[in-house]
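Subject: Structure for your study

Dear colleague,

Please find below the structure that I am handing over to you. I would ask you to look through it before reading the notes that come after it.

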Amino acid sequence: MPALTLTVFGCSGTHIGPTRSCSSYLVQYEDYRLLLDCGNGSLANLQRRIDIDDIDAVLLSHMHADHFADLFSLYYARRLRPDGPLPLDVYGPAGAQAFIAQLLPDDDIFPTVCHFHVAAAGDTLQLGPLSIQLFASNHPIETLASRIEVDGKVLAYSGDSAPTPAMVDCARDADLFVCDATWLERHRPHPDGVHMTGAEAGAHAAEAGCTVLLLSHIFPSNDPAEVAAEAAGSFDGTVMVAEDLQDHVL
């Protein structure tokens, strides 16, 4: 039976770290390949594993640069091929196309290569074999969390989010929960409604009944081991820290 796999192309929180690019994850089942976010630096990692032409679709969680900046490079790579442009379906919050096109001198060509589709919390997308439910993350701008299901396996991705009951619903009984764990408890107070600490990510995974919690978006100056220790204090399941080019088979 084919396996649902997740490959990390970027997992650094807010800005690139010395060994981590910004948020991007490849979800693959059979020959279908979905890219969750396209943060800065991640396209280099992607090309170490697959060809740019092999991406079937991109799902952007929100319009912060550390989650979409490499879409510019991906656009030009798919447009300026020797064999001609190769269109790419891009799903994201309302206004994503116009927001990104502000920095392009050829915004009339952009939508002929990147075919944008508006996605919102409450939607269910069927992308290839993947059924994807979208939930509202708790972040200063519209942000989508994804619950991806295929053949009885569940992969959940928080995007950027502060604590919210919606994240528990998104990750309910997930085999793998990729969760924002940007901050540490000892650095409180944090701004409200932006990110989670490791302890909060662990608490959400515990309430949702997840099997494996993959901590991601850790701020580069924070010690990942300390973030993981926080999470393990509130979650009895398996706790892992995301690393670039790391594979997870569900």
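The notes below describe the findings by topic.

This is a predicted model, in which local features need pLDDT of at least 70 and side-chain atom pairs count only at pLDDT 80 or more, while totals for chains, interfaces and linings use all residues. Residues are numbered from 1 along each chain as its sequence is written, and side-chain values use heavy atoms, with hydrogens and water left out.

Salt bridges

A salt bridge is a side-chain nitrogen of Lys or Arg within 4 Å of a carboxyl oxygen of Asp or Glu; the count comes to nine. One of them joins Asp 247 to Arg 49, with the closest N and O atoms 2.9 Å apart. Asp 247 belongs to strand β14 (residues 247-249) and Arg 49 to the loop between α1 (42-47) and β4 (57-59), so this pair ties together parts that are 198 residues apart in sequence. Helices (H or I, at least four residues) and strands (E, at least two) are DSSP runs, numbered from the N terminus.

For accessibility, buried means under 20% relative accessible area, exposed over 50%, and partly exposed in between (1.4 Å probe, protein chains only). Asp 247 is partly exposed at 43%, and Arg 49 is partly exposed at 39%.

Another salt bridge links Arg 147 and Glu 149, at 3.1 Å from N to O. Here Arg 147 is buried, at 11%, whereas Glu 149 is partly exposed, at 30%.

Glu 185 also pairs with Arg 188, their closest N and O atoms being 2.7 Å apart. A network of salt bridges links Glu 185, Arg 188 and Glu 200.

Cysteines

How many disulfides does the count come to? With a disulfide taken as a pair of cysteine sulfur atoms within 2.5 Å, the count is zero. The closest cysteine sulfur to that of Cys 114 is in Cys 38, 9.3 Å away, which is too far for a bond. For Cys 210, the closest is in Cys 179, at 8.4 Å, again too far for a bond. Cys 114 is buried, with a relative accessible area of 1%, and Cys 210 is buried at 8%.

Exposed loop positions

Asp 31 lies in the loop between β2 (24-29) and β3 (32-36) and is exposed, at 61% relative accessibility. Leu 80 sits in the loop between α3 (71-79) and β5 (88-92) and is exposed at 58%. The C-alpha atoms of Leu 80 and Asp 169 are separated by 41 Å.

Yours sincerely
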